Amino acid sequence: MQQRTRKERRFDETEQDLPDFSGKLPAVTAALSTKDKIYSALSYLGLKNPIPRPITAEDTVWLLDNTAYRNEKTGLWEAEYVAAMFSQHSSSALVDAVAAIADKISLEECDPAYKTLEERLTPFVQDIKPGAQAKALYGGKLPLKLGPGGHNGISSEIKRLPGGDDGELVPTFARVPKGANGVLEMRTFFAEAEGWGVISDIDDTIKVTQTSDPIGILRTTFIEAPQPTPGMPELYKHIHALIKPASAWFYLSASPYNLYPFLRDFRQNHYPHGTIILRDSSWMSVRGLLTTLTLGTEDYKVDRMEKIHDWLPRRKMICVGDSTQTDPEAYGEIYRRYPQWVKVILIRKVEDIAAIGIEAKNEPERFEEAFKDVPRDIWHVFSDAETCGEIIEDVKSYRSSCTPQVSRFICDVPYELIYWPGIPGRGEFIRLALEEGGADYTDTAHTKNGVDQVLSEIDDENVGDDSNPPPLAPPVLRHGDLLISQTPNILLYLGPRLGLVPRADGDDGDPDALYRINALALTALDGLSNEPHDCHHPIAVSLYYEDQKEEALRRSQDFVKNQLPKFLGYFERVLMGKASGDGPWLYGGRLTYADLVLFQAIDGVEFAFPKAMSAAQTSGKYVHVFQLCDAVKERPRIKQYLASKRRQSYSQGIYRYYPELDLAEGDVPQPTIAKK
């Protein structure tokens, strides 16, 4: 879609006539003194550069605002410090660059905006300062050294900081010689591990940029006073008030670092304080401005959101973007990777898109594809910013309810799964839900003395506590002060909390969905979990398999011939029905915990009865059932879990393999008619 926009709006033709001084760098380097050449060569070592270049009175330094977070391992505060350093002078002709852009946008030299063009274009033609190191003072007390920078003049490094309070802003000042200029003060926002956060695009989301039109980009960037998108300052003020001042804000743009002072001033005038994250790929190139805004934006934004997730994995994020670039695709991808991290996605539908290019960007099919496997109550496309306030209020109210059940979810109390080590068993149905939901949980299957903990819960002398009766058998789930047992009961509890059922409230809520989904899960557990277990223990669980082999064979014959096709056929019918919705899922066009249960049940039966399941798959009668299983396996969190050591191998649990029970339907003896 980006390539199509560039072709229709003739970006390549516009770029060919724009100045690009990056090609002059070899000639500039050749003219440097020997000392400067050494500095330039050593800059390729980045932070390992042993001889950094000092900042002089003729240099420019930009310190970028950042966000401090607690390191998950150490618990100490740290932040990424980014600084850009370059010379106040240029080896390229500013007048030529100004003339080239003025010609493209039909700007006369006598126009008052001509001076604005010169001022905003200057950062694109200043010589970068490779290998430079800036000195700074954090909070007016702690000396810092930023850099050395790389060959592009930018340094980026993680610095450990003294303690701060959640929501606190601490300044850092550049210590430079008199005469040096730039953005010499930055502010660090302290964000504790938990709470809310916002990730916002800039161009055409909160600032009018016209990113689908090359001339529009040039005019809004270099000539016109930056204009906030109508209604967005009011919306962000409303969001800021709802989610508290201690919430972390990130402004994620495909614009290059050259525009940082321009965008920083714009943010300060119209929107809440936050960290601006930009691309570093167009120094000394106006031509590169158009490229960074229109190519590779999805991969770039996903990569930067991965970084934000690394910093604040337990925050609840609100993602806001627009339809002109690849915000829907980027936000859809980050949700699929971290579904418990992203709580709501808002996409502004740019209504004048038809006048500047691609109508397909606003087509419903585009959004459906971008948000594949993202629950419909998570993402919203809007034209009027006023409509988003209620959405945020609903999400905030839903996630922050103070009822006893939901408060356990909100406080991020870890879940504790109590089940036998060494076998997947019925605990696996719970694990898959916890893994898909991105939950923080412990599992006695992987802890020291896990067996002892299971035994203590089901001990005959355990009478429970003031609120919880004792469990009869595992799996058992502990969450805060709640202790519950029984696989379907646990799943019923986890479903709403892990986003594995549709929301019950709101205009588009489905209050009955939980019960329909639970019925599907119960059916799968009945026919494809309990029945296979009874195949190897048809008489009594207290007896060994060897004590009931004859009966086990008869039970397995009946299962393969009658029960297995019965239940596979049932779920095939469910998947072909209208209630399943679009996609490979059992209900409502989205993944639910019933899909995870069916997947695990099918996987277990494939282990216990490989011949029968192979025949079922090749028969073509249950295509949708096996497509669902394949889709579950490709879920990012599930795929990672299945490949990890946390996924235990089948052994002596529900699903067991005995060669004599591995029957295909043709191996089952047909009934004979007795002779009179």
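# Talking through a predicted model

Trainee: Where does Thr60 lie?

Mentor: Thr60 lies in strand β2, which covers residues 59-63, and please keep in mind throughout our chat that this is a predicted model.

Trainee: And is Thr60 buried or exposed?

Mentor: Thr60 counts as buried, because its relative accessibility is 4% and the cut-off for buried is under 20%.

Trainee: Which residues does Thr60 touch, then?

Mentor: Leaving aside residues up to four places away in sequence, Thr60 touches Ala84, Met85, Phe86, Ser87, Gln88, Gln126, Asn181 and Gly182. With Asn181 there is also a polar contact between the two side chains, at 2.6 Å.

Trainee: Let's move to the sheets. What is the strand order in the open sheet of six strands?

Mentor: The order is β13-β12-β11-β14-β15-β16, and the pairing is parallel. At the edges stand β13 (275-279) and β16 (379-382), each with a single partner strand, so one side of each is left without a neighbour in the sheet. From one strand to the next, the twist averages 20°.

Trainee: How many bridges join β11 to β12?

Mentor: Four bridges join strand β11, residues 195-200, to β12, and the two run parallel. To find the pairing in the structure, look for Ser200, which stands opposite Tyr251 in β12.

Trainee: Which helix packs on that sheet, touching β12 and β13?

Mentor: That is helix α9, residues 260-270, which touches β12 and β13, and its direction makes about 150° with that of β13.

Trainee: In which sense do β17 and β19 pair?

Mentor: Strand β17, residues 415-418, and strand β19, residues 476-479, pair in the antiparallel sense over four bridges. Within that pairing, Tyr415 has His479 in β19 as its bridge partner.

Trainee: What holds paired strands together, in general?

Mentor: Strands of a sheet pair through backbone hydrogen bonds, either parallel or antiparallel.

Trainee: Then which sense does β10 use with β3, and which with β8?

Mentor: With strand β3 (residues 66-70), strand β10 (residues 185-190) pairs in the parallel sense over three bridges, whereas strand β8 (residues 169-175) and β10 pair in the antiparallel sense over five bridges.

Trainee: What is the phi of Lys244?

Mentor: Lys244 has a positive phi of about 80° although it is not a glycine. Lys244 lies in the loop between α8 (232-242) and β12 (248-256), and it is exposed, with a relative accessible area of 56%. Gln486, which is not a glycine either, has a positive phi of about 75°, and its place is the loop between β20 and α19.

Trainee: Is Lys448 buried or exposed?

Mentor: Lys448 counts as exposed, because its relative accessibility is 77% and the cut-off for exposed is over 50%. Its place is in the loop between β18 and α18 (450-457). The C-alpha atoms of Lys448 and Pro421 are separated by 9.9 Å, while the two residues are 27 residues apart along the chain.

Trainee: Last one, where is the kink in α20 centred?

Mentor: The kink is centred on Leu525 and amounts to about 30°. Helix α20 has 24 residues (513-536), which at 1.5 Å a residue should span 34 Å, and this agrees with the 35 Å between its end C-alpha atoms.

Technical notes. Residues are numbered from 1 along each chain as its sequence is written. This is a predicted model: local features need pLDDT of at least 70, side-chain atom pairs count only at pLDDT 80 or more; totals for chains, interfaces and linings use all residues. Side-chain values use heavy atoms; hydrogens and water are left out. Buried means under 20% relative accessible area, exposed over 50%, partly exposed in between (1.4 Å probe, protein chains only). A polar contact is a pair of N or O atoms within 3.5 Å; within protein, one must be able to donate a hydrogen and the other to accept it, and residues adjacent in sequence count only if both atoms are side-chain atoms. Contact means heavy atoms within 4.5 Å. The expected span of a helix is 1.5 Å times one less than its number of residues. The bend at a residue is the angle between axes fitted to the seven residues ending there and the seven starting there. Two strands pair if DSSP finds at least two bridges between them. Axes are lines fitted to C-alpha atoms, for helices over the stretch in contact, and angles run from 0 to 180 degrees between N-to-C directions.
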